[in-house]
Amino acid sequence: MQTATPEQRKAPRPRADALRNRERIVTAAREMFVEHGPEVPLDEIARRAGVGNATVYRNFPDRDALVREVVCSVMDRTAAAAELALAETGDAFEALERFVHAAADERISALCPMVSSTFDKHHPDLEAARERVESQVAEVMDRASAAGQLRSDVGVGDVMIAVAQLSRPPAGTDCFRADPFVHRHLQLFLDGLRAPARSVLPGTAVTLEDLRQP
């Protein structure tokens with residue numbers, strides 16, 4: 001009887017508790033990146049996640065790996081929120097509104113390290129997640145625009161940067177303390193997106209590519 005060679009054996013699946021610890025680390029990092037920026041000490045992230053420093057480094061060998069995982073996680077969940085909005089029937093602008101509020105709940109402000117950090121912004125995982133987000137959000141906005149409900153002078157970048165800015169708490173304030181005000185301010189922003197536009201915006205519609213320019 002032949003035995004499997006090392007190459008033929010499947011890698012063992014991570015234990016449930018290991019997966020839970022990894023998710024707790026990513027969640028804690030996402031919150032702390034929003035509150036304090038991408039340079040927050042990793043031991044502080046470990047403390048909020050309720051794990052030891054060794055557990056953080058076992059999952060993420062360096063800061064760049066953790067930042068990349070957080071950014072991909074936020075983008076994946078944001079794309080999923082856009083997909084859900086696209087699956088809904090009925091009022092196209094209300095679908096856009098639901099997406100914007102859902103994106104804020106996903107701590108989209110944690111994407112800021114992607115444009116401010118020195119880590120590899122062209123990593124294949126990041127590129128794939130970014131393309132998915134841009135495509136899904138553009139489709140949500142196109143549907144509202146086609147219905148004549150979205151002003152014509154805004155782009156995906158306008159929406160994403162506004163959500164990031166409005167859902168980011170003041171420096172030194174934790175996410176949960178600022179949460180009660182986020183959706184109130186987002187709704188004020190959304191009201192300004194409705195067509196017909198009541199003012200002329202300076203500049204041109206912003207794309208995500210614009211935000212990535214040095």
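This note goes through a predicted model point by point, from the overall fold to single residues.

1. Overall make-up. The chain contains 10 helices and zero strands, and reading along the sequence gives the pattern α-α-α-α-α-α-α-α-α-α. Of the 214 residues in the chain, 42% are buried. The accessible surface amounts to about 12100 Å², and carbon and sulfur atoms account for 53% of that surface.

2. Contacts across the sequence. When contacts between residues at least 6 apart in sequence are considered, 77% of them join residues that are at least 24 apart.

3. The nonpolar core. The largest nonpolar core holds 57 residues, and within this core Ile45, Leu96 and Phe99 touch the most other members. The elements that contribute two or more residues to this core are α1, α2, α4, α5 (92–105), α7 (124–146), α8 (156–166) and α9 (175–193), and the largest share, 13 residues, comes from α4. As background, nonpolar side chains in soluble globular proteins tend to be buried together.

4. Leu96 as an example from the core. Leaving aside residues up to four places away in sequence, Leu96 touches Val140, Met141, Ala144 and Leu150. Leu96 is also one of the core residues that touch the most other members.

5. Helix α2 and its buried face. Helix α2 spans residues 42–49, and Leu42, Ile45, Ala46 and Ala49 are its buried residues. Seen down the axis of α2, these buried residues fall within an arc of 100°, so they line one face of the helix. They pack against α1 (16–36), α3 (53–59) and α4 (63–87). After α2 comes Gly50, whose phi is positive, near 75°.

6. Glu44 and Ala28 are 16 residues apart in sequence, while their C-alpha atoms are 9.1 Å apart in space.

7. An annotated stretch. According to UniProt, in an unreviewed entry, residues 41–60 carry the annotation "DNA-binding region", and such annotations may be inferred rather than shown by experiment. In the model, residues 41–60 are 75% helix and 0% strand, with the end C-alpha atoms 14 Å apart.

8. The structure holds 10 salt bridges, and in one of them the side chains of Glu69 and Arg22 meet, at 3.6 Å from N to O. This pair links distant parts of the chain, since Glu69 belongs to helix α4 and Arg22 to helix α1, 47 residues apart. Glu69 is partly exposed, with a relative accessible area of 29%, and Arg22 likewise counts as partly exposed, at 27% relative accessibility.

9. The side chains of Asp76 and Arg132 meet in a salt bridge, at 3.8 Å from N to O. Here too the pair links distant parts of the chain, with Asp76 in helix α4 and Arg132 in helix α7, 56 residues apart. Asp76 counts as partly exposed at 36% relative accessibility, and Arg132 counts as partly exposed at 31%.

10. Glu97 forms a salt bridge with Arg194, and the closest N and O atoms of the two are 4.0 Å apart. The pair links distant parts of the chain, with Glu97 in helix α5 and Arg194 in the loop between α9 and α10 (208–212), 97 residues apart. Is Glu97 buried or exposed? At 12% relative accessibility Glu97 counts as buried, because the cut-off for buried is under 20%, whereas Arg194 counts as partly exposed at 31%. Separately, salt bridges that share partners join Asp76, Glu83 and Arg132 into one network.

Key: Residues numbered from 1 in each chain as written. Predicted model: local features only at pLDDT ≥ 70, side-chain atom pairs only at ≥ 80, totals over all residues. Heavy atoms only, no water. Buried < 20%, exposed > 50% of the residue type's maximum accessible area, 1.4 Å probe, protein only. Helix = DSSP H or I, 4+ residues; strand = E, 2+ residues; numbered from the N terminus. Arc of directions from axis to C-beta. Contact = heavy atoms within 4.5 Å. Core = buried A, V, L, I, M, F, W, Y, C linked by side-chain atoms within 4.5 Å. Areas by Shrake-Rupley, 256 points an atom, 1.4 Å probe, with all protein chains shown as cover.
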